[in-house]
Amino acid sequence: MAVMTCEPKTSSSPSQDETLLEYFLALEPPEGCRAELIEGEIFVSPAPDGEHEDYLSTVFRQVLRHSKTDMDGSGNKGLKLPQGGLCPKSYSVPDATFAPRELRLFRGAPSWMPCEGVALVAEVTSGKANRDRVAKRHCYARAGIPLYLLVDREEEAVTLFSEPSGQDYTEIHTTPYGKALPLPEPFAFDLETADFL
């Protein structure tokens with residue numbers, strides 16, 4: 001077992017946030033797992049179950065087929081999110097990230113790319129649903145990501161957060177599974193949720 005000792009901070013010593021970030025960026029999660037740094041905590045998540053992926057596939061299929069603006073989508077894109085509140089920068093891997101095709105944001109992007117140009121991120125809840133409901137929501141709002149779509153399997157509802165302002169989104173629209181959820185521009189279509197039942 002490794003033991004870390006605390007030394008008095010000198011002008012050349014890295015801060016606690018810098019040390020955490022350095023540790024996180026050097027982390028090599030087990031095969032099939034992904035690591036995220038969310039509001040100062042490191043999370044390692046196992047590969048998702050089949051139901052999670054089915055819900056995600058439903059979202060991808062509809063966005064790519066019906067969006068008014070031609071979209072690119074990624075299921076594993078690491079995003080660097082700005083610092084805010086009491087936490088260091090967050091590094092998140094949304095279940096889905098969408099950006100207008102004309103921007104070609106994913107081409108040539110590093111493993112952890114800035115979130116400028118991202119139109120929507122989506123999460124499908126799994127074991128730690130509150131991380132998606134609260135922590136990630138605040139991180140995405142602070143980053144100014146215009147739309148955050150949450151498919152909440154425990155609540156059997158889909159929520160669209162929009163109009164980010166400071167630490168949160170100011171507009172919240174929730175619909176139960178089976179009802180359509182309107183997505184605004186640049187998507188401009190109704191997301192059908194019947195397949196989630």
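Entry 1, strand pairing. I started with S10 and S11, which pair in the antiparallel sense over eight bridges. This is a predicted model, so I read everything below as computed from a prediction. Between these two strands sits a hairpin with two residues, and glycine 166 there takes a positive phi near 65°. Across the pair, I found threonine 159 standing opposite threonine 174 in S11.

I then checked S9 (residues 147–152), which runs antiparallel to S10 (residues 157–165) and is joined to it by six bridges. Which residue of S10 is the bridge partner of leucine 150? I looked, and the partner is threonine 159. The hairpin of S9 and S10 has four residues between the strands, and glutamate 156 in the turn has a positive phi of about 50°.

I moved on to charges and got a total of 12 salt bridges for the structure. As background, side chains of opposite charge can pair when their charged atoms come close.

Aspartate 168 and arginine 137 form a salt bridge, with the closest N and O atoms 2.7 Å apart. The aspartate belongs to strand S11 (residues 168–176) and the arginine to helix H3 (residues 129–142), so this pair ties together parts 31 residues apart in sequence. Is arginine 137 buried or exposed? It counts as buried, because its relative accessibility is 17% and the cut-off for buried is under 20%.

I placed aspartate 95 in the loop between strand S5 (90–92) and strand S6 (96–100), and arginine 34 in strand S1 (residues 34–38), so the pair ties together parts that are 61 residues apart in sequence. Aspartate 95 counts as buried at 3% relative accessibility, whereas arginine 34 is partly exposed at 22%.

Aspartate 195 is in the segment after strand S13 (189–191) and arginine 61 in helix H2 (residues 50–66), so I logged a link between distant parts of the chain, 134 residues apart. Arginine 61 is partly exposed, with a relative accessible area of 32%.

Conventions. Residues are numbered from 1 along each chain as its sequence is written. This is a predicted model: local features need pLDDT of at least 70, side-chain atom pairs count only at pLDDT 80 or more; totals for chains, interfaces and linings use all residues. Side-chain values use heavy atoms; hydrogens and water are left out. A salt bridge is a side-chain nitrogen of Lys or Arg within 4 Å of a carboxyl oxygen of Asp or Glu. Buried means under 20% relative accessible area, exposed over 50%, partly exposed in between (1.4 Å probe, protein chains only). Two strands pair if DSSP finds at least two bridges between them.
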